[in-house]
Amino acid sequence: MHAQKTVKLWEGNPPTNNELENQNPELTIYSPETASNTGMAVVICPGGGYSGLAMDHEGKQVGEWLIKQGITGIVLKYRLPNKHKGVPLEDAQQAIRYVREHAKELNINPDKIGIAGFSAGGHLASTASTHYATYGTSTRPDFSILFYPVITMEVATHGGSKKNLLGDNPSVSDVYMFSNEKQVNTNTPPTILLLSDDDKSVLPVNSTLYYDALKRNDIPATMYIFPEGGHGWGMRENFKYHKQMLELLGMWLKDMNEKLDK
């Protein structure tokens with residue numbers, strides 16, 4: 001059987017206080033069996049509009065699927081911002097840092113660590129992919145998997161996510177800084193985007209803006225827009241294209257593994 005363990009994200013107190021009680025950020029690590037282990041790992045950021053976390057169908061079930069692909073799945077229970085904009089990113093960066101620093105004991109290749117995110121968790125994953133520290137232990141993900149992500153903080157944003165992250169009257173510079181389509185550069189990791197055309201909660205233009213920005217910077221990018229399914233399907237089997245989606249994602253991960261081996 002695969003191994004599963006939960007670890008605290010921070011040794012002491014996290015750098016920024018979000019003024020919420022009982023926010024204990026942690027990582028739940030799903031490790032594949034040694035024989036099938038590809039050395040890849042994915043830090044998973046569940047969605048929830050930056051006001052909660054969908055830990056099952058956008059967390060645990062993703063980890064369980066990844067180990068079947070020979071990939072270590074690491075579910076990040078990140079702290080909610082409560083209008084402290086840097087808090088989720090601190091946790092995402094610390095998660096990547098932790099995985100890199102413990103790569104050997106986790107049987108992970110430190111150069112094959114990706115990030116995945118759903119909805120607001122997709123905003124967090126794309127923020128981690130465009131705002132990272134290269135000094136000390138690099139917090140740059142090697143690849144990104146974005147499910148129906150919130151990307152922009154401008155017109156097409158998801159109102160609740162924006163308000164919970166940036167507050168009621170965000171500054172122009174904060175809106176710019178957290179509109180991740182504006183933050184893509186030539187070092188942004190290769191990305192796959194998966195979403196539905198009829199998503200009314202987080203408009204598909206969030207994904208197309210990010211895709212366009214990646215292409216302008218010659219970053220390998222893949223985007224699958226399913227005809228229907230709305231928002232928030234994650235690993236739910238009642239999503240009409242569930243099987244196809246997992247097949248496409250599995251193929252992409254396999255290709256990514258080969259590219260990272262080179």
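Arg140 is partly exposed, with a relative accessibility of 22%, where partly exposed denotes the range between buried (under 20% relative accessible area) and exposed (over 50%), computed with a 1.4 Å probe on protein chains only. Its side chain forms a salt bridge with that of Asp142 at 3.9 Å, N to O, the term requiring a side-chain nitrogen of Lys or Arg within 4 Å of a carboxyl oxygen of Asp or Glu. Asp142, by contrast, is buried, at 12% relative accessible area. The structure is a predicted model, in which local features need pLDDT of at least 70 and side-chain atom pairs count only at pLDDT 80 or more, whereas totals for chains, interfaces and linings use all residues. Residues are numbered from 1 along each chain as its sequence is written, and side-chain values use heavy atoms, with hydrogens and water left out.

In the whole structure, 11 salt bridges were found. One of them pairs Glu154 with Lys182 at 2.8 Å, N to O. This pair links distant parts of the chain, 28 residues apart: Glu154 lies in the loop between β6 and α4 (159-166), and Lys182 in the loop between α5 (172-177) and β7. Helices (H or I, at least four residues) and strands (E, at least two) are DSSP runs numbered from the N terminus. Glu154 is partly exposed at 33%, as is Lys182 at 35%. A further salt bridge joins Lys163 and Asp168 at 3.7 Å, N to O; Lys163 is partly exposed, with 45% relative accessibility. Through shared partners, salt bridges also connect Arg79, Glu90 and Asp91 in one network.

Helix α6 comprises 12 residues (205-216) and extends 16 Å from its first C-alpha to its last, close to the 16 Å expected at 1.5 Å a residue, the expected span being 1.5 Å times one less than the number of residues. Its buried residues are Asn206, Ser207, Tyr210, Ala213 and Leu214. These residues lie on the same side of α6, because they cover an arc of only 125° around the axis, as given by the directions from the helix axis to the C-beta atoms. Elements covering them include α3 (120-130), β6 (144-147), β7 (191-196) and β8 (221-226). Asp218, which follows α6, has a positive phi near 60°.

The largest nonpolar core contains 74 residues, and Ile145 is among those with the most contacts inside it. Such a core is a set of buried Ala, Val, Leu, Ile, Met, Phe, Trp, Tyr and Cys residues joined through side-chain atoms within 4.5 Å.

Note on methods
Contact means heavy atoms within 4.5 Å.
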